Amino acid sequence: MSAYIIFIREKTIDKEELGLYSQKAPAGLAGHPVTPLAVYGTYQVIEGPDVEGAAILSFPFLEEAKAWYYSQAYQDALKHRLRGGIYRGIIVEGILNNGSEKDEQ
């Protein structure tokens, strides 16, 4: 079943740390089946408190999303994101397999 990682930036604390994250994060993508669907583009909050932006990453399976997030390469970048801002991050399993077929229940 497909999976999505959603990051929501609530508040920037340190722009330099976020800059370091932006430099290091791409290296963490190597070897992982990730497709960025949205990365801090134009948005409109329709419920809840305002945010500074959001990113949505797609993976073929939940296990692959976890493998990417917990990989050493991404963890090396992550520490800078967490020092640079207040974020919420979730992994959610989709209802479609690879975006095209319903999974068997």
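**Exercises: a pocket, a helix and a core**

The largest pocket has 17 lining residues, and Tyr21, Ala25, Val39, Tyr40 and Ala55 are the ones nearest its centre. This is a predicted model, where local features need pLDDT of at least 70, side-chain atom pairs count only at pLDDT 80 or more, and totals for chains, interfaces and linings use all residues. Residues are numbered from 1 along each chain as its sequence is written, and side-chain values use heavy atoms, leaving out hydrogens and water.

**Exercise 1.** Work out which element gives the largest share of the lining of the largest pocket.

*Solution.* Start with the elements that give two or more residues: strand 1 (3–12), helix 1 (15–24), strand 2 (35–39), strand 3 (53–59) and helix 3 (72–84). Helix 1 comes out on top, with three residues. (Helices are DSSP runs of H or I, at least four residues; strands are E runs of at least two.)

**Exercise 2.** Find the buried residues of helix 2 and say where they pack.

*Solution.* First, take residues 62–69 and pick out Leu62, Ala65, Trp68 and Tyr69, which are buried (under 20% relative accessible area, 1.4 Å probe, protein chains only). Next, check the arc: they cover only 125° around the axis, so they sit on the same side of helix 2. Last, look for partners: these buried residues pack against strand 1, strand 3, helix 3 and strand 4 (85–93).

**Exercise 3.** List what Leu57 touches.

*Solution.* Skip residues up to four places away in sequence, then look for contacts (heavy atoms within 4.5 Å): Leu57 touches Ala3, Tyr4, Ile5, Phe7, Val34, Thr35, Pro36 and Trp68.

Definitions and conventions:
On a 1 Å grid over the protein atoms alone, a cavity is a set of points where a 1.4 Å probe fits but cannot get out, and a pocket is an open set with protein on both sides within 12 Å along at least five of seven lines; lining residues have an atom within 4 Å of a point. Buried means under 20% relative accessible area, exposed over 50%, partly exposed in between (1.4 Å probe, protein chains only). The arc is that of the directions from the helix axis to the C-beta atoms.
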